[in-house]
Amino acid sequence: MKKFAVILAGGKGTKLWPRSTEDMPKQFIHIMGDGTMIQNTFNRIKQYIDVSDIYVVTYSDLKNEVHEQLPDLPSQNMIIEPFGINTGPCLGLAASILSEKYEADDIMMSFPSDHVIMNKGDLYQALDTATHAAYDLNGLITIGVEPKMPETQYGYVQVTEEELNLGELYNRGLRKSTAFAEKPDIDTANRFIESGDFLWNTGIFVWKLSAFIRSFNKHLPEHGDYFTDLKVHYGKEAFHDKLELTYGKMDSISIDYGVLEKADNVYLVKADLNWSDLGTWDEVYNQSRKDAKNNVFLGDVVAINTKNSFISSRGKLIGVVGMDDVIIVNSDDALFICKRGNSEDVQQVIDKIKSRHLHNFL
C-alpha cells in the first residue's frame, strides 16, 4: 500500500479581498506562518509523504505561480484544470489521472491548499488513523475538529458515538458519519453546537483510490462517464483541449454534496489540529496574537485610542484614531474597511465592483 497526496489549489479566496485577487488568490499569499498558504501546506505534507507522491491541482492560469512557489514539486506532478467547477470534478479528475500510476488499494489523501494547522503531530496521527480506516473498512474518511463557535462559513459533519465494532479505531477517534451540512445559517449553526454531535469539516479526505472512484461513479455517474471517456486521451497532445470541452459539459458540484452526503461508508476522525481555513478577515483576526488592547496591527500602522481592531497595511502607512471593532486592509490599489463581524460581506463589495465593470480591482 502506497500513500499519495493531492493538494487542491484552484480556489479564488474572494473573502480575503483586496489581498486575495483573481490573479493571486489567497493560497498564494502570505497571511500566517512562515510562507504563503500553499507553501505552508506543501511543507506540512512533505514531512508525511514523499515529495514524488505529492500532486497539485490548479487552473492553467495559476500553474506558473505554483511552479514558482513550490520549486521542489516535480513538474509532472501538476494536474491542470482548464477552469474551476468545484471540488467534485477536481477530485474526480485527479483520481482518474492518478489511477494510471497507482494501484487500486493505494491511499489517496486530499488537502485544501489554504488552511492553517498548528498541531502537525496531531494531524499526522489523524492521517495514520484515517489510512487504517480507509484500508480496513473501504471507507471514505474525513478529518473533523470540535467547533469553537457557531461558525456559518464552515461545513459540518454529524457523527454517532456508537462504537459499531470499530474497535481500536474507535479509541483513536474514528466515528461513523451520519450527515453533512455546508455553511449553515446562524440559527442552524447554534443548533449544531448545542447538539454536541457535529464537528467542523476540515476538507481533508482519505480513501482508497478504488473506493473513491467506485463511489464517485455511483453517485456522480455522468461525471464518471466523462472521465472514463477522457482516459483514452491521457498523455496525448489533444488531452487538454478534450478536457476543456468536457469541463464545459460538467455541472459544478462539491465533493461533499456530490458524493459524501450520499455514500453510506463515510467516517470521520476526530482530531485536535488547532485548525482554521482563514476564510474571512474576521477569522484571520481571531487566529492572530492580540496586543494589550485586543488589536492586531500588521505592517506600518499608527493607531491612537484604538481597540479590538484588525489593521493590516502593505506599501503605505495607515493612521487611525478613535476606532473600535474595525477591520482595515489595503492592497496596492484598493482599501477595504468594515466593522468586525461583517467581513464575510466583502462579497457584496465584490459583486458591486463587478457590476460597475471595475474588474482591474479584482
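Predicted model: local features only at pLDDT ≥ 70, side-chain atom pairs only at ≥ 80, totals over all residues.
**Colour by secondary structure.** Twelve helices and 17 strands make up the secondary structure of the protein chain. The radius of gyration is 21 Å, close to the 21 Å that the globule rule gives for 362 residues, so the chain is as compact as a globular protein of that length.

**Show the C-alpha atoms.** Turn the view along the principal axes. The C-alpha atoms of the protein chain fill a box of roughly 60 × 50 × 35 Å.

**Look at contacts.** Take those between residues at least 6 apart in sequence. In the protein chain, 67% of them join residues at least 24 apart.

The protein chain exposes about 16700 Å². Carbon and sulfur atoms supply 47% of that area.

**Select the charges.** The protein chain has 37 positive and 52 negative charges. How far apart are the mean positions of the positive and negative charges? They lie 2 Å apart.

**Select Cys90.** Is Cys90 buried or exposed? With a relative accessible area of 5%, Cys90 is under the 20% cut-off, so it counts as buried.

**Move to Cys338.** Its relative accessible area is 12%. That is also under 20%, so Cys338 is buried.

How many disulfides does a search of the whole structure find? The search finds zero.

How values were computed:
Residues numbered from 1 in each chain as written. Heavy atoms only, no water. Helix = DSSP H or I, 4+ residues; strand = E, 2+ residues; numbered from the N terminus. Rg over C-alpha atoms; globule rule 2.2 N^0.38 Å. Contact = heavy atoms within 4.5 Å. Areas by Shrake-Rupley, 256 points an atom, 1.4 Å probe, with all protein chains shown as cover. Lys, Arg positive; Asp, Glu negative; His and termini not counted. Charge placed at Lys NZ, Arg CZ, Asp CG, Glu CD. Disulfide = S-S within 2.5 Å. Buried < 20%, exposed > 50% of the residue type's maximum accessible area, 1.4 Å probe, protein only.
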